[in-house]
Amino acid sequence: TELLPVDVAFYHAGQKCKEEERMEMAFVFFNRFVDISDMIEDEEEHIDEAEFLKTDIPSAIKTVPKASNFDENTREEVREWALNAGMDKMI
(Lines give C-alpha, C1' and ligand atoms only; values in the text may rest on other atoms or scores of the structure.)
Protein backbone atom coordinates (compact mmCIF):
# COMPACT_ATOMS: atom_id res chain seq x y z
CA THR A 1 0.00 0.00 0.00
CA GLU A 2 1.36 3.38 -0.98
CA LEU A 3 0.79 6.15 1.55
CA LEU A 4 0.08 9.79 0.88
CA PRO A 5 3.35 11.75 1.16
CA VAL A 6 3.37 13.73 4.37
CA ASP A 7 4.18 17.06 2.71
CA VAL A 8 1.12 16.68 0.48
CA ALA A 9 -1.11 15.75 3.42
CA PHE A 10 -0.09 18.72 5.58
CA TYR A 11 -0.25 21.17 2.66
CA HIS A 12 -3.78 20.15 1.68
CA ALA A 13 -4.94 20.06 5.31
CA GLY A 14 -3.64 23.63 5.74
CA GLN A 15 -5.28 24.77 2.51
CA LYS A 16 -8.65 23.28 3.47
CA CYS A 17 -8.54 24.84 6.94
CA LYS A 18 -7.62 28.21 5.41
CA GLU A 19 -10.56 27.94 2.96
CA GLU A 20 -12.87 27.13 5.87
CA GLU A 21 -11.43 30.10 7.83
CA ARG A 22 -10.06 27.85 10.57
CA MET A 23 -6.85 29.84 10.74
CA GLU A 24 -5.54 28.29 13.96
CA MET A 25 -5.60 24.82 12.39
CA ALA A 26 -4.28 26.16 9.08
CA PHE A 27 -1.34 27.57 11.01
CA VAL A 28 -0.63 24.22 12.69
CA PHE A 29 -0.74 22.29 9.41
CA PHE A 30 1.19 24.86 7.38
CA ASN A 31 3.83 25.22 10.08
CA ARG A 32 4.30 21.45 10.01
CA PHE A 33 4.49 21.58 6.20
CA VAL A 34 7.33 24.10 6.52
CA ASP A 35 9.16 21.84 9.03
CA ILE A 36 8.81 18.88 6.67
CA SER A 37 9.93 20.94 3.66
CA ASP A 38 13.04 22.00 5.59
CA MET A 39 13.67 18.38 6.58
CA ILE A 40 13.52 17.27 2.93
CA GLU A 41 15.68 20.15 1.72
CA ASP A 42 18.32 19.62 4.44
CA GLU A 43 18.20 15.82 3.95
CA GLU A 44 17.60 15.31 7.66
CA GLU A 45 16.24 12.07 9.03
CA HIS A 46 14.67 13.39 12.21
CA ILE A 47 11.86 15.82 12.89
CA ASP A 48 10.59 16.94 16.29
CA GLU A 49 7.19 15.35 16.80
CA ALA A 50 6.67 16.32 20.44
CA GLU A 51 3.72 18.61 19.70
CA PHE A 52 1.90 15.78 17.90
CA LEU A 53 2.52 12.93 20.36
CA LYS A 54 -0.87 13.22 22.05
CA THR A 55 -2.89 13.73 18.88
CA ASP A 56 -4.46 11.49 16.27
CA ILE A 57 -2.02 12.82 13.67
CA PRO A 58 0.26 9.94 12.62
CA SER A 59 4.03 10.16 12.67
CA ALA A 60 5.38 12.23 9.79
CA ILE A 61 8.64 10.38 9.46
CA LYS A 62 7.12 7.28 7.84
CA THR A 63 6.01 8.98 4.63
CA VAL A 64 8.60 11.70 4.06
CA PRO A 65 9.46 11.79 0.35
CA LYS A 66 13.04 12.07 -0.92
CA ALA A 67 12.10 15.25 -2.79
CA SER A 68 9.40 17.83 -2.19
CA ASN A 69 6.15 17.46 -4.08
CA PHE A 70 5.88 21.27 -4.28
CA ASP A 71 7.85 23.89 -6.15
CA GLU A 72 9.95 26.46 -4.33
CA ASN A 73 7.38 29.22 -4.91
CA THR A 74 4.62 27.25 -3.17
CA ARG A 75 6.89 26.34 -0.27
CA GLU A 76 7.93 29.98 0.19
CA GLU A 77 4.32 31.23 0.02
CA VAL A 78 3.33 28.80 2.76
CA ARG A 79 6.41 29.70 4.82
CA GLU A 80 5.56 33.39 4.54
CA TRP A 81 1.90 32.79 5.45
CA ALA A 82 2.90 30.71 8.49
CA LEU A 83 5.40 33.34 9.67
CA ASN A 84 2.82 36.11 9.34
CA ALA A 85 0.10 34.03 10.99
CA GLY A 86 2.43 33.19 13.85
CA MET A 87 2.78 36.89 14.61
CA ASP A 88 -0.96 37.57 14.27
CA LYS A 89 -2.50 38.05 17.72
CA MET A 90 -5.79 36.62 16.45
CA ILE A 91 -4.30 33.16 15.89
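Predicted model: local features only at pLDDT ≥ 70, side-chain atom pairs only at ≥ 80, totals over all residues.
**Ground rules.** I number residues from 1 along each chain as its sequence is written, and I leave hydrogens and water out of side-chain values, which use heavy atoms. I ask for pLDDT of at least 70 for local features and 80 or more for side-chain atom pairs, while totals for chains, interfaces and linings use all residues.

**Entry 1: phi.** Most residues other than glycine have a negative phi. I looked up two exceptions. Glu21 has a positive phi of about 60°. I found Glu21 in the loop between helix H1 (6-19) and helix H2 (23-41). Helices are DSSP runs of H or I, at least four residues, numbered from the N terminus. Glu43 also has a positive phi, about 55°. Glu43 sits in the loop between H2 and helix H3 (72-87).

**Entry 2: exposure.** Are these two buried or exposed? Glu21 is exposed at 67% relative accessible area, and Glu43 is exposed at 70%. I call a residue exposed over 50%, buried under 20% and partly exposed in between (1.4 Å probe, protein chains only).

**Entry 3: rings.** I searched the whole structure and got six aromatic pairs. Rings of Phe, Tyr and Trp (its six-membered ring) pair if their centres lie within 6.5 Å; planes under 30 degrees apart are stacked, over 60 edge-to-face, the rest tilted. Phe10 and Phe29 make a tilted pair, 6.0 Å centre to centre with 50° between the planes. Phe10 is in H1 and Phe29 in H2, so this pair ties together parts 19 residues apart in sequence. Phe10 is buried at 6%, and Phe29 is buried at 14%.

Key. Helix = DSSP H or I, 4+ residues; strand = E, 2+ residues; numbered from the N terminus.
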